[in-house]
Amino acid sequence: MGVSGAESKVTSQSKQLRHPPGYAEPVTEHRRDLAPPELRPRLRWELAIVLALSFGYAGARAIITILERLAQDTALANQTATINRPMSGQQYFDLAYQLLGIVGGLAPVALVAFLLWREHKPHLGDLGLGARPLTLTGAPGGMSFTQLASGRGGWPWLRESGNGFLLAAAIGIPGLAFYLFAKWIGINTTVVPTTLDAFWWTVPVLILNAARAALSEELIVVAYLFDRLKRLGVSVWATIIASALLRGSYHLYQGFGGFIGNVVMGLVFGWVYQRWGRSLPLIVAHLLLDIVSFVGYPLALALWPALFG
């Protein structure tokens, strides 16, 4: 084999080592490169459209709702805000409407997954999901390459889920105390997690609604927003604050306590995502908080009617 042939073979092997077939190129979740100037207007429009179809719209609606509440003669603390309510007086039509609402609520999640989908694994890495790329060293010639971790070294979903449990405890206990305080000083409504009738499907539907809220809020308000603002050149802390304010805005229908509490939650979740680059802990934490709230509310109302009534 001639010199040129040997060089060609070495070059080919080098490319395979750096980027083996079927594996991801070096990317660290949400820390992507700045978008070129000609692409930024399109990203801004994309971001505006996604938010208009999801939590930007919800935030604007919540602002109108709180203004309407303040215009009423009834004090804010004496008003109620219901999260899960019946949509029909007939059991199975209500079930159909509830399931349709869950599917419709996940449509923006499917949209951002489509927009950030990678052709290579991990397909949803830009949303902080899937196995982490691992850099392996010790290749011939001192080279290194990045490949997708698999097996025991793949997606550490169990550890990330455990982190979600810890995060839920850190947010949930102070959050409940702050809700009661906000209601006591008169800046929040009485939040009623559910008024659904007790059918065989009520608890499963409440859990599905909790999953919809967890997936949509954490993947859009955190993961997607962080990716797009990063590519548009927005600083880390400006992104965290923007995400937190957006989260607070669409909870304004509950009152100012709901706004403040969710802004604080958003700051914590944003900081955690920036530090870990993983969405699953946020999703698990949010899911647990909503399941406890939705499913545990009837029990809490029965035990402590003065606090939750």
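**The nonpolar patch and the cores**

Guide: Helix α8 gives the largest share of the nonpolar patch, four residues. This is a predicted model, in which local features need pLDDT of at least 70 and side-chain atom pairs count only at pLDDT 80 or more, while totals for chains, interfaces and linings use all residues. Residues are numbered from 1 along each chain as its sequence is written, and side-chain values use heavy atoms, leaving out hydrogens and water.

Visitor: What makes the nonpolar surface patch, and which elements give two or more residues to the patch?

Guide: The patch, about 560 Å², is made by Ile63, Leu67, Leu70, Phe256, Ile260, Val264 and Val268. The elements that give two or more residues are α3 (55–70) and α8. Areas come from the Shrake-Rupley method with a 1.4 Å probe, and for residues only the protein chains shown count as cover.

Visitor: Why is leucine 70 called partly exposed?

Guide: Buried means under 20% relative accessible area, exposed over 50%, and partly exposed in between (1.4 Å probe, protein chains only). Leucine 70, in helix α3, has a relative accessible area of 46%, and is therefore partly exposed.

Visitor: How do you know that proline 174 counts as partly exposed?

Guide: Its relative accessibility is 44%, so proline 174 counts as partly exposed. Proline 174 has its place in helix α5. From proline 174 to glycine 261 there are 87 residues in sequence, and 9.4 Å in space, C-alpha to C-alpha.

Visitor: What is meant by a nonpolar core, and which residues have the most contacts inside the largest one?

Guide: A nonpolar core is a set of buried Ala, Val, Leu, Ile, Met, Phe, Trp, Tyr and Cys residues joined through side-chain atoms within 4.5 Å. The largest has 38 residues, and those with the most contacts inside it are Leu47, Leu127, Leu219, Tyr224, Leu246, Phe269 and Leu282. The largest share of this core, 10 residues, comes from α6. A second, separate core of eight residues includes Leu95, Leu196, Trp201 and Ala210.

Visitor: How much of the protein chain is buried?

Guide: Of the 309 residues in the protein chain, 41% are buried.

Definitions and conventions. Patch = residues over 30% accessible without salt bridge, like charges linked within 9 Å, V, L, I, M, F, W, Y side chains within 5 Å. Salt bridge = Lys/Arg side-chain N within 4 Å of Asp/Glu carboxyl O.
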